[in-house]
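Visitor: I'm new to reading models like this. Walk me through a few spots, please.

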Amino acid sequence: MKTSVAPRGGASVPHWYMYPPKTSYSSEVHVDVVEKELAGLAGALVSAYVHIPFCNMKCNFCSLLTLPGGSDPTVSVYIDNLKREIVNFGARFQRAKPVVSVLYFGGGTPALLPERQLAEVLEQLQLAVDTTQLLSCSVEFSPDVVDEVTTGAWRRHGFNRASLGVQTFNDALLKTMGRRHTATHARAAIGNLANAGYEDINVDLIFGFPGQTAQVWGDDLRAVVASEATHCTFHPLSVRPKVALERKAISPTSAVASLEDRHGQAIGHFQEAGWTQTSAISFSRLSIPNPIESAEAAGQPTIGFGAGSRSYYPSVHTSTVPYATRTPFGAVLRRYYESVSAGRLPIASEVLLDAEERLRRILILQMHHGRIPKSMLSGLDSDIDDSLSTIMEGMLVEGYFVQRESDYLLTTAGSIKAAEMGLSLSSASVKRSLATVE
Ligand SMILES: C[S@@+](CC[C@H](N)C(=O)[O-])C[C@H]1O[C@@H](n2cnc3c(N)ncnc32)[C@H](O)[C@@H]1O
Ligand code: SF4
């Protein structure tokens with residue numbers, strides 16, 4: 001769901017969970033375009049993302065907009081506004097409602113939410129959209145909030161996929177990151193989620209930390225395979241301005257080489273363990289990709305709810321965050337509450353997608369997920385399609401893809417270069433926006 005920027009000797013190279021990246025959003029909002037897109041969602045299959053921005057800790061690498069968890073009345077006020085936003089959204093659909101096949105609660109640490117408030121949010125969602133065809137319901141945990149109460153609550157409400165932020169199983173590194181848990185807690189949390197009956201358990205790891213040698217990283221990868229986790233996402237460390245972890249702690253010259261080495265090490269490790277690659281930075285024991293990301297790569301719109309969320313409609317992407325300026329989260333929240341109370345869509349910025357951007361988006365997301373159907377690049381006649389075909393041919397020559405009967409498949413070399421390939425496939429305006437930010 002996020003674009004991260006990895007440390008690459010000064011240059012910013014995004015990982016392509018989404019396209020266009022947030023650097024290309026602007027504060028000029030076309031409510032008429034959004035309303036038209038929303039009308040088109042009646043009866044359509046969609047994903048729903050619900051953002052819960054509360055955490056028990058502030059990790060020193062994390063630039064996400066978060067607030068301390070458990071500090072009522074902030075949580076209650078937030079949840080009241082979230083419910084109102086969902087009601088306002090649902091009021092548009094009198095007959096056919098959008099049909100949600102994928103539900104994802106992200107954050108922050110949404111698992112912190114007390115069961116009563118979770119139940120209230122779900123109740124409003126069930127009224128606003130059609131939830132009778134849900135295939136996958138995910139929630140993000142951190143190990144310090146996993147216990148029988150939290151795991152049981154989300155299971156009781158139908159959540160079948162858990163995503164756990166472990167980051168590393170090395171206690172010294174966990175301490176440096178400002179995490180509250182130890183490796184023992186993380187192992188116990190995975191067991192607890194498995195006992196609670198989550199069918200798919202993703203473990204998030206981060207690679208590229210100072211002091212994370214090949215040995216330490218290898219220990220992390222072995223710990224995942226030895227556990228009951230069924231999916232692993234390994235994020236390259238991104239160090240954004242103003243996070244507590246200082247950029248200078250990462251040597252720019254060694255950063256690229258060491259990131260690529262660790263990335264290759266992870267791919268080799270999971271391949272040897274017989275796991276299936278599900279994206280440039282993830283593997284699954286069950287061959288199941290991240291459901292919301294794979295639905296997006298297949299062209300399914302995502303409706304975002306909550307302050308900090310984004311929505312991806314076919315011809316416009318919207319955000320509750322104004323990206324042009326670095327707005328403190330307090331101001332983002334106030335703006336969100338004002339819009340919701342007034343019954344308006346809480347949009348602070350947006351990016352419009354023309355036919356060319358839509359094509360680039362699908363190509364880039366599919367590339368990130370490892371498979372581009374040849375049909376997407378056949379019978380091309382416009383300049384843009386020709387230039388994309390030329391880029392694809394170059395990637396084949398480099399060995400970043402191999403050809404199969406009907407698809408181009410991402411190789412290990414391609415996975416490691418996926419961020420750069422995404423940049424090559426981006427439009428000139430996206431490249432400009434990335435170059436002018438930070
Ligand atoms: C939204 S967080 C949710 C997980 C939960 N809050 C936790 O940290 O345990 C999703 C994941 O993004 C990754 N992440 C966050 N900040 C990152 C950064 N600066 N660089 C790389 N990965 C990052 C972490 O692996 C984290 O688990
Ligand atoms: S990494 Fe997770 S727990 Fe840590 S501050 Fe970010 S969202 Fe919160």
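**Loops, helices and a ligand**

Guide: Pro 210 counts as partly exposed, at 32% relative accessibility. Buried means under 20% relative accessible area, exposed means over 50%, and partly exposed is in between, with a 1.4 Å probe and protein chains only.

Visitor: What sort of model am I looking at, and how are residues numbered?

Guide: This is a predicted model, where local features need pLDDT of at least 70, side-chain atom pairs count only at pLDDT 80 or more, and totals for chains, interfaces and linings use all residues. Residues are numbered from 1 along each chain as its sequence is written, chains are lettered from A and ligands numbered from 1 in the order in which they are written, and side-chain values use heavy atoms, with hydrogens and water left out.

Visitor: Where is Pro 210?

Guide: Pro 210 sits in the loop between strand E9 (200-207) and helix H7 (214-226). Helices (H or I, at least four residues) and strands (E, at least two) are DSSP runs, numbered from the N terminus.

Visitor: Let's do helices. How do H2 and H3 cross?

Guide: The axes of helix H2 (residues 74-90) and helix H3 (residues 115-128) come within 8 Å and cross at roughly 10°. Axes are lines fitted to C-alpha atoms, for helices over the stretch in contact, and angles run from 0 to 180 degrees between N-to-C directions. H2 and H3 are therefore roughly parallel to each other. Angles under 35 degrees count as roughly parallel, over 145 as roughly antiparallel, 65 to 115 as roughly perpendicular, and the rest as oblique.

Visitor: Which residues make that contact?

Guide: On H2, they include Ile 79, Leu 82, Ile 86 and Val 87. On H3, Val 121, Gln 124 and Leu 125 are among them. Contact means heavy atoms within 4.5 Å. By class, the contact of H2 with H3 has eight nonpolar, four polar and two charged residues. Ala, Val, Leu, Ile, Met, Phe, Trp, Tyr, Cys and Pro count as nonpolar, Asp, Glu, Lys and Arg as charged, and the others, Gly among them, as polar.

Visitor: And H11 with H14, at what angle do they pack?

Guide: Helix H11 (residues 355-368) and helix H14 (residues 418-425) pack at about 170°, with axes 10 Å apart. H11 and H14 are therefore roughly antiparallel to each other. Arg 360, Leu 363, Ile 364 and Met 367 in H11 meet Ala 418, Met 421, Gly 422 and Leu 425 in H14. Those contact residues divide into six nonpolar, one polar and one charged.

Visitor: How many residues of H11 are buried?

Guide: 10 of the 14 residues of H11 are buried, so H11 is largely enclosed by the rest of the structure. Glu 357, Arg 361 and His 368 are among the buried ones.

Visitor: What comes after H11?

Guide: Just after H11, Gly 370 takes a positive phi of about 95°. His 369 lies in the loop between H11 and strand E17 (371-373). His 369 is buried, with a relative accessible area of 16%. Not counting residues up to four places away in sequence, His 369 touches Thr 278, Ser 279, Glu 293, Ser 294 and Ala 297.

Visitor: Which residues besides glycine have a positive phi?

Guide: Gln 167 is one of them, with phi near 70°. Gln 167 is in strand E8 (residues 161-167) and is buried, with a relative accessible area of 8%. Ser 287 has a positive phi of about 60°. Ser 287 lies in the loop between strand E12 (282-284) and helix H9 (291-297), and at 44% relative accessibility counts as partly exposed.

Visitor: Where are the cis peptide bonds?

Guide: One runs from Tyr 19 to Pro 20, with omega near -5°. A cis peptide bond also joins Gly 107 and Gly 108, with omega about 15°. Gly 108 lies in the loop between strand E6 (99-107) and H3.

Visitor: Last one. What surrounds ligand 2?

Guide: The residues around ligand 2 include Cys 55, Cys 59, Cys 62, Gly 108 and Arg 179. A residue is near a molecule if one of its heavy atoms lies within 4 Å of it. The shell around ligand 2 divides into six nonpolar, two polar and two charged residues.
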